[in-house]
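I opened this structure today and kept brief notes. The entries follow the order in which I looked things up.

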Amino acid sequence: MTTKQQNIGRRLEDLYKQQEKWEGSAFKTSNQMLYGILQQCYALEKSMGAEQLSELDRYCTEQKITCKSSAKPIAKIIKCVFRIDRRRVSTYVTALRAAKEDNIASDDLSTWLEKNGGVQEISMRRCSNNKPDAAQRAVEARQVVMHRPVLATVASVELTATYKFKSPEDVVLLLASWNPNGQFEIHQLIQSDSAIEAAFRSCYKTATSQKQIQNTEQMAVDAQKQTLDAIDAVSATLSQKVA
């Protein structure tokens, strides 16, 4: 096996460690390291042959990383590197698929991501340009719903006993009824993936409307900031002339 075709597991472990380092030290401040990791994932998929694809599947099985049988290699690679963070996995995979459709070379990926507004912007634009299918609607709604303020928190021995842990980012459904005293009574905890996806799909319309409102509000904030910056610049210039 050539250096280019070295053990897939070793390369994925190395990328996973880079991802951990990025997340721990520069997660919110540096996109350059993220883009570098994504570029390596993108290049890895392009370099893989049939033997390495089988090795990738074996690695997923060994690491207990679940992927749909229909998942593309890039989706499996991203999931191996970013592990349990489903929201980021979906966003990154969508952005890299867009790059592949645009025939972006591996060496040009980082520059392409920056020029197109970053992975989040590319992912959202891709979803808006293509009529989303049921699964895409669930993913897009989830990205908005799971970042909303928490309405309430509940805990009980009964709920804990019923819950089967999957991951720290696991989502469940709580089937509840309203009580005239103002409380909600929880009757069932549901962890069915199909039921949860259906619930997110039902949130799609309001979730995407909320996202559009958020984008409009952000544009207004950015415009106001630009105006204030321009005023400050003019004021500074006038002050210098007076002095």
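Entry 1, helix H8. I looked up H8, residues 134-145, and found twelve residues reaching 16 Å from the first C-alpha to the last, close to the 16 Å expected at 1.5 Å a residue. The expected span is 1.5 Å times one less than the number of residues. Helices here are DSSP runs (H or I, at least four residues), numbered from the N terminus. I noted that this is a predicted model, in which local features need pLDDT of at least 70 and side-chain atom pairs count only at pLDDT 80 or more, while totals for chains, interfaces and linings use all residues. Residues are numbered from 1 along each chain as its sequence is written, and side-chain values use heavy atoms, with hydrogens and water left out.

I listed the buried residues of H8 as Ala138, Glu140, Ala141, Arg142, Gln143 and Val144. Buried means under 20% relative accessible area, exposed over 50%, and partly exposed in between, with a 1.4 Å probe and protein chains only.

Valine 171 is 29 residues from arginine 142 along the chain, and their C-alpha atoms are separated by 10.0 Å.

I took helix H2 (residues 31-47) and helix H4 (residues 73-82), whose axes come within 9 Å and cross at roughly 140 degrees. Axes are lines fitted to C-alpha atoms, for helices over the stretch in contact, and angles run from 0 to 180 degrees between N-to-C directions. H2 and H4 are therefore oblique to each other; angles under 35 degrees count as roughly parallel, over 145 as roughly antiparallel, 65 to 115 as roughly perpendicular and the rest as oblique. On the H2 side I noted contact residues including Leu34, Ile37 and Leu38, and on the H4 side Ile74, Ile77 and Ile78 among them. The contact of H2 with H4 has twelve nonpolar residues, no polar and one charged. Ala, Val, Leu, Ile, Met, Phe, Trp, Tyr, Cys and Pro count as nonpolar, Asp, Glu, Lys and Arg as charged, and the others, Gly among them, as polar.

I found that the axes of H4 and helix H5 (residues 86-101) come within 9 Å and cross at roughly 140 degrees.

Conventions:
Helix = DSSP H or I, 4+ residues; strand = E, 2+ residues; numbered from the N terminus. Contact = heavy atoms within 4.5 Å.
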